[in-house]
Amino acid sequence: IAVAQKLLICGLSLLFHMTITKTLPVEYNIDDNFRATASWPVRFFYLYVSLMAARPKYYFAWTLADAINNAAGFGFRGYDKNGVTRWDLISNLRIQQIEFSTSFKMFLDNWNIQTALWLKRVCYERATFSPTIQTFILSAIWHGVYPGYYLTFLTGVLMTLAARAIRNNIRHYFVESPAVKLCYDIVTWMATQAAISYTVVPFVLLSVKPSFTFYSSCYFCLHIASILVLLVFPLKRTQKGSKKHGSVQPMWSRKLEEEESLLQKNSYSTTNNSFSEKQEITCRYQALKQ
C-alpha cells in the first residue's frame, strides 16, 4: 500500500511538472517587460507560484527513490497509535509540511531530510562557533560549484537567523488564543513562502548575473529586512558557541563511552562475583577437609 501510494504521488508530480511547470518558468521573474509592467503584488504572487511549480520534480525523484526502498523492505518505522504501518523512516521529504510550513526551519526540516540529518551530525553538532553559518556553507559546497547555490545558502543564513529571532521574541504573544494563533499561522505561512521563494531563485537560475538581476529588481528587500530584524531583536546564542573546543563531543562518541563504561562495570561486577564464589568454595573445601 505504501509503495502504491508513493507511486501515485510520483505520477501526479511528474504530470504537474510536465504541464504546469513549463508554463510558469522561474526565469520569467527577471523578464524586463514583466518587471516593468507588473505590480509588486503580481510579481510576488508569480514568484511564489513559479517556485511552487518548480518543486514537483524533486517530489518525483525523492518519492520514487522512497518507493523503491520500501519495495525492497527498507524504511519501515513501525506502527502508529492506530496500528497503521509507517514506511517513512528514510523518506527524504514531507510534501504537506513543506507546502504548509509556517517557519523557515519547518520548511528546511521537511526538505531533503536525510541530507539535513547528515549535515546536522557532521557539522552543526560539532561546530564550536556559528553552527548555522558553518552548516549552510558546507551545504553549499556539498551541492556543487554553481554560484547560485552559494547565493541561496548565504541568503538562507540571514533568513534563518531572522526567522529565529522573530519566533523567539514574538511568537509567545500569539499562542494563547486559538483564533489569534490561527491568524498568526496564516501570516507566518505567507511570510515563509515569500522568504523561501525569494531565497531559492538563485538556486534555480544558477548564474550570478540573473540572480543579481532578480535581487536588484526587488531592491534586496528581504536581505535588508532580515538585517534590520537581527539588529532590533536579540538573538539567543547557541550553547555550542560558549563551550570550549575540548568539551565539545559528538553524541555518538558520548554514547560509545557510556556503553564502554557500562561494560566495564558489568565486567568488574562479574569478576568480583566469580572471585567471591571461588573464595567461598575454597573455604568450604578446607572446612570439609578438616
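**Exercise 1.** Determine how far apart Asp 32 and Arg 35 lie in helix 2.

*Solution.* Asp 32 and Arg 35 are 3 residues apart in helix 2 (residues 32-37), so about one helical turn separates them. Helices here are DSSP runs of H or I with at least four residues, numbered from the N terminus. Next, the two side chains form a salt bridge with an N to O distance of 2.6 Å; the term requires a side-chain nitrogen of Lys or Arg within 4 Å of a carboxyl oxygen of Asp or Glu. Finally, Asp 32 is exposed at 54% relative accessible area, whereas Arg 35 is partly exposed at 25%. Buried means under 20% relative accessible area, exposed over 50%, and partly exposed in between (1.4 Å probe, protein chains only).

The model is predicted: local features need pLDDT of at least 70, side-chain atom pairs count only at pLDDT 80 or more, and totals for chains, interfaces and linings use all residues. Residues are numbered from 1 along each chain as its sequence is written, and side-chain values use heavy atoms, with hydrogens and water left out.

**Exercise 2.** Identify which parts the salt bridge of Asp 66 and Lys 6 ties together.

*Solution.* The closest N and O atoms of Asp 66 and Lys 6 are 2.8 Å apart. Asp 66 belongs to helix 4 (residues 56-71) and Lys 6 to helix 1 (residues 2-23), so the pair ties together parts 60 residues apart in sequence. As for accessibility, Asp 66 is buried at 6%, and Lys 6 is buried at 13%.

**Exercise 3.** State the count of salt bridges and name the residues linked in a network.

*Solution.* The count is 7 salt bridges. Arg 77, Arg 86 and Asp 88 form the network.

Terms used: Helix = DSSP H or I, 4+ residues; strand = E, 2+ residues; numbered from the N terminus.
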